[in-house]
Amino acid sequence: MSNFIVLIEIELLAICPLNRPSNHGGKLVLTASTTDSTVSTQSDSGRSERNAFNLGKSFQKLQQAVASLPPVVVVINKHSGANLILGFFIATTCLIIAVRIYVARQLRDTSPGSVADLVRRGQLRSDRRGISKPLKYEDPFNNPLVKVSNSNTSVEMCGTVYRLAPVTLTEEQRAIHQKRRSRAYQWKRPKVFLKEGDAIPPDVDPDTVRWIPANHPFATTVSDIDEDLAQNNVYQKHGVPFRIQAEHEALQKKLEALQGEQKFNKLVIDPVNAKDFERAFRTQSKSHDRAESGTQNGQLNESKPPKSDPLPENSDSNAASPKDEV
Amino acid sequence: MLSLKPPFSPHSLSPSNNPFFSFKPLLKPYFSPPQKPHFTSIKSLLQYNRKPELAGTTPRVVVITSGKGGVGKTTTTANIGISLARHGFSVVAIDADVGLRNLDLLLGLENRVNYTALEVLNGDCRLDQALVRDKRWSHFELLCISKPRSKLPLGFGGKALIWLVDALKHRNEGSPDFIIIDCPAGIDAGFITAITPANEAILVTTPDITALRDADRVTGLLECDGIKDIKMIVNRVRTDMIQGEDMMSVLDVQEMLGLALLGVIPDDTEVIRSTNRGYPLVLNKPPTLAGLAFEQAAWRLVEQDSMTAVMVEEEPKKRGFFSFFGG
């Protein structure tokens with residue numbers, strides 16, 4: 001140890017142009033020297049000799065202090081058993097902390113949606129989830145997990161401290177913004193929609209006219225629905241909706257019309273069947289039976305196409321709307 | 001990503017999740033034979049002890065718009081609507097996006113939409129048949145304007161919406177308390193149609209300059225059309241980025257737009273998970289920060305109130321020595 005101190009002393013004096021370290025209150029103070037040698041005076045040389053003497057004394061004191069302390073290795077060897085236990089506890093604590101952090105990270109990374117799915121499916125009652133009581137708040141502004149400071153200037157939430165900054169918008173500022181916007185944005189609600197090429201009607205404000213390109217995918221200037229009819233449909237509260245009823249009535253009329261046509265056709269004398277009818281005069285019952293069976297067969301044959309017709313009509317109407325729109 | 005779930009949630013403290021407290025019962029209890037599963041309506045208990053006081057005349061027709069797409073209009077509509085229904089108010093949500101329908105997905109009702117407003121106009125069904133009632137919340141109904149690949153005539157799109165709102169007002173079940181209209185993005189025909197019957201507007205914006213410019217334009221158009229009651233929700237706020245001066249603060253946004261604040265919604269990954277589940281964020285238990293913010297915004301909407309202070313993130317809290325043990 002004494003050799004080490006001597007080495008430091010030699011290095012200090014050799015490497016850096018330092019003044020002799022001065023002793024202030026038992027502490028060694030190293031100060032940088034001026035490199036300009038012309039500044040040195042006789043008083044400085046005397047001071048330097050005195051400083052050298054002080055340095056030597058202080059180094060001797062340091063040597064004595066170090067020599068009085070027992071070496072570290074010896075101390076450790078004396079209390080080896082206690083140190084082992086202490087080291088074991090420290091290691092265990094570090095291990096526990098590491099494991100807890102790892103587990104917390106794992107829990108955070110897993111998706112939290114599974115229990116909510118169970119609640120949604122009706123497997124768990126939402127008010128009995130978990131063993132602890134559900135959180136009860138007075139209102140969403142009085143959350144017990146949010147800690148507000150006494151002076152209402154800061155809020156602590158989820159480990160983060162927030163400062164409450166008051167809103168500074170005044171009524172005057174709002175009015176200024178409204179004026180600015182009214183000057184910047186002049187807009188009138190469009191009421192007339194015209195195709196390209198159409199003339200603007202004379203009594204219409206040009207600012208309310210919108211020009212719609214013909215190939216616009218989501219717009220049409222020609223309304224397919226009658227406005228009054230649409231309004232009535234919206235306000236309808238009871239009964240069958242208009243279109244379904246209209247389709248049903250149209251189908252019924254068509255069926256009635258077809259049935260009427262069949263009866264009319266049968267009134268016309270068919271020369272081929274005339275003989276059958278003539279024969280029927282002689283044997284009325286037989287001809288009547290034949291006529292009935294003939295009409296029934298005819299009805300069955302003719303009723304099938306009408307029934308099948310509405311179906312392609314309906315599917316066509318459902319398919320037509322997207323085709324027309326696209 | 002900042003973890004926004006409260007650290008003391010009962011979910012994290014339940015024995016099934018905490019490995020250090022896991023234990024198995026020595027004797028299995030006797031279970032009754034499994035009963036036939038039947039679907040029961042799920043009703044969460046009211047989370048709050050008191051109810052907000054309704055202000056203004058019913059029905060309150062509110063349009064939720066933004067101008068820029070993707071800022072969170074549909075999410076806001078779904079969460080505020082469900083939050084209002086949970087408080088006991090009757091709500092009808094109208095998805096006014098002709099062609100790009102999303103609100104039914106967020107609510108988990110996509111398989112239940114058979115009729116839309118277009119079918120009502122055509123006379124294929126009545127209005128009450130087109131309303132989809134949520135089985136979870138009887139006070140909440142959804143009306144979609146049209147199915148994809150269909151179009152509403154421009155000429156009377158706005159009128160049609162006025163008729164619909166009026167018919168809802170005079171229906172047999174009584175007028176709903178709130179009619180919330182989810183406006184499509186942009187300022188063209190869809191926007192004009194959606195804002196026609198509205199008396200109030202909620203402007204949803206994010207704290208970035210592109211959304212703010214569009215929001216300003218939309219605010220100007222709303223004021224031109226006669227809608228004066230316009231409040232703002234600032235969505236997807238990152239308080240850490242605001243602290244690092246990488247994002248505009250909510251007060252800066254308010255200074256630019258000059259609108260009253262209805263709510264400040266923090267950025268939350270739970271939004272995407274709730275979309276996947278078809279379960280709005282406000283129904284999460286325990287509530288997430290974004291869900292709580294939506295609840296507060298709904299409360300302010302009911303009482304026609306606005307925010308008086310915003311939270312600004314401070315320096316991170318200095319952790320004590322024992323916080324290492326707590327995790």
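Reader: Where does UniProt place the transmembrane region in chain A?
Author: The unreviewed UniProt entry puts that feature at residues 84–103 of chain A. Keep in mind that the model here is predicted.

Reader: How much helix and how much strand over residues 84–103 of chain A?
Author: That stretch is 100% helix and 0% strand. Its end C-alpha atoms are 28 Å apart.

Reader: Switching to H6(A) and H8(B). At what angle do their axes cross?
Author: Roughly 85°, and the axes come within 9 Å. The angle falls in the 65 to 115 degree range, so H6(A) is roughly perpendicular to H8(B).

Reader: Which residues meet there?
Author: From H6(A), Gln178(A), Arg180(A) and Arg181(A). From H8(B), Asp216(B), Thr219(B), Gly220(B) and Glu223(B). By class, the contact has 3 polar, 4 charged and no nonpolar residues.

Reader: How many disulfides over all chains?
Author: The count is 0.

Reader: Cys125(B): buried or exposed?
Author: Buried, at 1% relative accessible area. Cys224(B) is partly exposed, at 33%.

Reader: Backbone next. Which peptide bond is cis?
Author: The one from Thr58(B) to Pro59(B), with omega near -5°. Pro59(B) sits in the loop between helix H1 (10–13) and strand S1 (60–65) of chain B.

Reader: What is phi for Glu245(B)?
Author: Near 60°, a positive value in a non-glycine residue. Glu245(B) is in the loop between H9 (239–243) and H10 (250–257) of chain B. At 73% relative accessibility, Glu245(B) is exposed.

Reader: And what about Gln304(B), what is its phi?
Author: Positive, about 55°. Gln304(B) is partly exposed at 35% relative accessibility.

Note on methods. Residues numbered from 1 in each chain as written. Chains lettered and ligands numbered in written order. Predicted model: local features only at pLDDT ≥ 70, side-chain atom pairs only at ≥ 80, totals over all residues. Heavy atoms only, no water. Axes fitted to C-alpha atoms, helices over the stretch in contact; angles between N-to-C directions. Helix = DSSP H or I, 4+ residues; strand = E, 2+ residues; numbered from the N terminus. Parallel < 35°, antiparallel > 145°, perpendicular 65-115°, else oblique. Contact = heavy atoms within 4.5 Å. Nonpolar A, V, L, I, M, F, W, Y, C, P; charged D, E, K, R; others polar. UniProt positions renumbered as here; feature names shortened; annotations may be inferred. Disulfide = S-S within 2.5 Å. Buried < 20%, exposed > 50% of the residue type's maximum accessible area, 1.4 Å probe, protein only.
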